[in-house]
Amino acid sequence: MYIFDSHAHYDDCSFDEDREKLIEELKNNNVIGVLNCGSSLEGAVSSVDLSETYDFFYAAVGIHPEHADEVNDNTIYKIRELAKSPKVKAIGEIGLDYYWDQNPPKEVQKETFIKQMKLAKELNLPVVIHDRDAHKDTLDIMKMFPEVIGVVHCFSGSVEFARECLSLGYYIGFTGVVTFKNAKKILDVAKVVPDDKILVETDCPYMAPTPFRGERNRSDYIKHIIEKMAEIRNMSEEEIGNQVISNVRKLLKI
Ligand code: NI
């Protein structure tokens, strides 16, 4: 089975000691694609670097809501410049995160999110959306840009919210959370999303699937997500594996 990880952070410092060796191992373990998503300007630069170093790496560039207060016109200018690299396939990760109290104020997050949605529209690139405890506001902003599509990564909403995202043309990103013992809501979502809208992702170094829960995550662990998705949807692992690869290629135009 081949694997394409639609959301990873190999620029994270938890990979500093063995990044090169690990990426080589991924290649040997049938990982044929990785979308490395920047969270900050520095992360975006590193994501582009990784995509230029490894042929199976691609980059998303954008500012995560937790850094929303660091964004000014110059930041947007720099993201636009980075997006000129042919390996940049999306703007992300961008969005809203109301979970952490120490995050920038909601209004600041929204403003930064809107600026980056505008950029995605201008550049005709899909978006990688981060939404935590902000479903309604996220959806409202997605609706302001009907020309833009993308993925709602590490999806955490209800079936109803998933349907709203799907109706706007978005894909739904599933992480290792589907393998967790206490998973319930996400399994309901995983049952109803159409085949051609499913993406799988690690969000590594976080969100490692069972049996690696709590450890550092890596793209080859996606096989445990695919196993679970196959079980839930009554499909073979081969079928779902092939389907998610064709989906991510379509979204990122690879
Ligand atoms: Ni992420």
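Trainee: Is Glu-25 buried, partly exposed or exposed?

Mentor: This is a predicted model, and the label comes from a computed relative accessible area. A residue is called buried under 20%, exposed over 50%, and partly exposed in between. Glu-25 has 27% relative accessibility, so it counts as partly exposed. The residue is found in helix 1.

Trainee: How far apart are Glu-25 and Asp-220 in sequence and in space?

Mentor: Sequence and space are two separate scales. Glu-25 and Asp-220 are 195 residues apart along the chain, while their C-alpha atoms are 8.9 Å apart.

Trainee: What share of the contacts in the protein chain links residues 24 or more positions apart?

Mentor: Among contacts with a separation of 6 or more, such pairs account for 71%.

Trainee: How many helices and strands does the protein chain have?

Mentor: The chain has 9 helices and 8 strands. Its radius of gyration is 17 Å, close to the 18 Å that the globule rule gives for 254 residues, so the chain is as compact as a globular protein of that length. Along the principal axes, the C-alpha atoms fill a box of roughly 45 × 40 × 35 Å.

Trainee: What percentage of the residues is buried, and how much accessible surface does the chain have?

Mentor: Buried residues make up 57% of the 254. The accessible surface comes to about 11400 Å², and carbon and sulfur atoms hold 48% of that area.

Trainee: Are His-9 and Glu-93 buried or exposed?

Mentor: Apply the accessibility labels again. His-9 has 6% relative accessibility and so counts as buried. Glu-93, at 2%, also counts as buried.

Trainee: Which residues are joined by cis peptide bonds?

Mentor: Read the omega angle of the bond. Gly-92 and Glu-93 are joined by a cis peptide bond with omega about 0°. Another cis bond joins Cys-204 and Pro-205, with omega about 15°. Pro-205 is found in the loop between strand 8 and helix 8.

Trainee: What is the phi of Asn-124, and what is that of Met-207?

Mentor: Asn-124 is not a glycine, yet it has a positive phi of about 55°. It lies in the loop between helix 4 and strand 5 and, at 55% relative accessibility, counts as exposed. Met-207, also a residue other than glycine, has a positive phi near 65°. Met-207 lies in the loop between strand 8 and helix 8 and is partly exposed, with a relative accessible area of 29%.

Trainee: Which residues of helix 8 are buried, and what covers them?

Mentor: The buried ones include Ile-222, His-224, Met-229 and Arg-233. Among the elements covering the buried residues are strand 1, strand 7, helix 7, strand 8 and helix 9.

Trainee: What comes just after helix 8?

Mentor: Asn-234 takes a positive phi of about 55° there. Met-235 is found in the loop between helix 8 and helix 9. Met-235 is buried, with a relative accessible area of 18%. Leaving aside neighbours within four places in sequence, Met-235 is in contact with Asp-195, Ala-230 and Ile-240.

Terms used
Residues numbered from 1 in each chain as written. Predicted model: local features only at pLDDT ≥ 70, side-chain atom pairs only at ≥ 80, totals over all residues. Heavy atoms only, no water. Buried < 20%, exposed > 50% of the residue type's maximum accessible area, 1.4 Å probe, protein only. Helix = DSSP H or I, 4+ residues; strand = E, 2+ residues; numbered from the N terminus. Rg over C-alpha atoms; globule rule 2.2 N^0.38 Å. Contact = heavy atoms within 4.5 Å. Areas by Shrake-Rupley, 256 points an atom, 1.4 Å probe, with all protein chains shown as cover.
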